[in-house]
Amino acid sequence: SGAALDPRGGFRQTYNIEGAHSTVGSDNSFFRIHGRWNYITTLKANHRLVTRAELGAIYIDKDAQLAPSLRFYAGGDQSIRGFAYQSIGSTIDSSSDPSISVPVTVGGSRLVVASIEYQYYLNKQWRFALFSDGGSVTNKDELNPVYSIGSGIHYLSPVGAVKLDFAYGISDENEGWRIHLNLGAEL
């Protein structure tokens, strides 16, 4: 139905809790918690607000190494637009040539992401969007936020919104403009 593909309002929350301990056969002991919240409201006819927040933390023995698949990353269509997919996180220098240092994103143990998006319906099939995303992926109690701003045009198809967003990533490295293409509802 149209309401499921383009809801006028709603709230969605998801939580994941994972853990392992060396006494039950795991290589490492860790505890990982991750929450995500999405909220949509229609302010008045043709004016819609979409917000999103995400928090995560990993607690691990100080000498243990955590697999990259369990670490947090940010960036991309469903995270901080204006940055490449999973490009935000702690980095290490890596290269087969010792004279060249190539930073590789290895994720982090702390995640904070937030987004706010204003959408204006041009008609029943098209809407315009303005948004800002921000967040940080680090280790321990550091906070190195990056932000993005952007706009987009969304086509409301029979299978969900087809969203073409143009986002400008704001960081110390000056990421510049990126194009993001996404399909589906926000909830």
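Modeller: Gladly! Let me begin with Arg-48, which is buried, with a relative accessible area of 1%.

Biologist: What makes Arg-48 buried?

Modeller: Buried means under 20% relative accessible area, exposed over 50%, and partly exposed in between (1.4 Å probe, protein chains only). Arg-48 has 1%, so Arg-48 counts as buried. Before we go on: this is a predicted model, where local features need pLDDT of at least 70 and side-chain atom pairs count only at pLDDT 80 or more, while totals for chains, interfaces and linings use all residues. Residues are numbered from 1 along each chain as its sequence is written, and side-chain values use heavy atoms, leaving out hydrogens and water.

Biologist: Why is the contact of Asp-6 and Arg-48 called a salt bridge?

Modeller: A salt bridge needs a side-chain nitrogen of Lys or Arg within 4 Å of a carboxyl oxygen of Asp or Glu. For Asp-6 and Arg-48 the N to O distance is 3.3 Å, so the pair meets the rule. Asp-6 lies in the loop between helix H1 (2-5) and S1, and Arg-48 in strand S3 (residues 47-60), so the pair ties together parts 42 residues apart in sequence. Helices (H or I, at least four residues) and strands (E, at least two) are DSSP runs, numbered from the N terminus.

Biologist: Is Asp-6 buried or exposed?

Modeller: Asp-6 is buried, since its relative accessible area is 17%.

Biologist: How do you know that Lys-163 and Glu-186 form a salt bridge?

Modeller: Their side chains meet at 3.6 Å, N to O. Lys-163 sits in strand S9 (residues 160-170) and Glu-186 in the segment after S10, 23 residues apart. Lys-163 is buried at 9% relative accessible area, and Glu-186 counts as buried at 11%. Salt bridges that share partners join Asp-6, Arg-48, Arg-127, Lys-163 and Glu-186 into one network.

Biologist: How many salt bridges does this rule give?

Modeller: The count comes to 11. One of them joins Arg-52 and Asp-133 at 3.7 Å, N to O.

Biologist: What makes S7 and S8 a pair of strands?

Modeller: Two strands pair if DSSP finds at least two bridges between them. Strand S7 (residues 126-138) and strand S8 (residues 146-157) are joined by 10 bridges and run antiparallel, so they pair by that rule.

Biologist: In which order do the strands form the open sheet?

Modeller: The eight strands follow the order S1-S2-S3-S6-S7-S8-S9-S10, with antiparallel pairing. Strand S1 (10-20) and strand S10 (176-183) are the edge strands, as each pairs on one side only.
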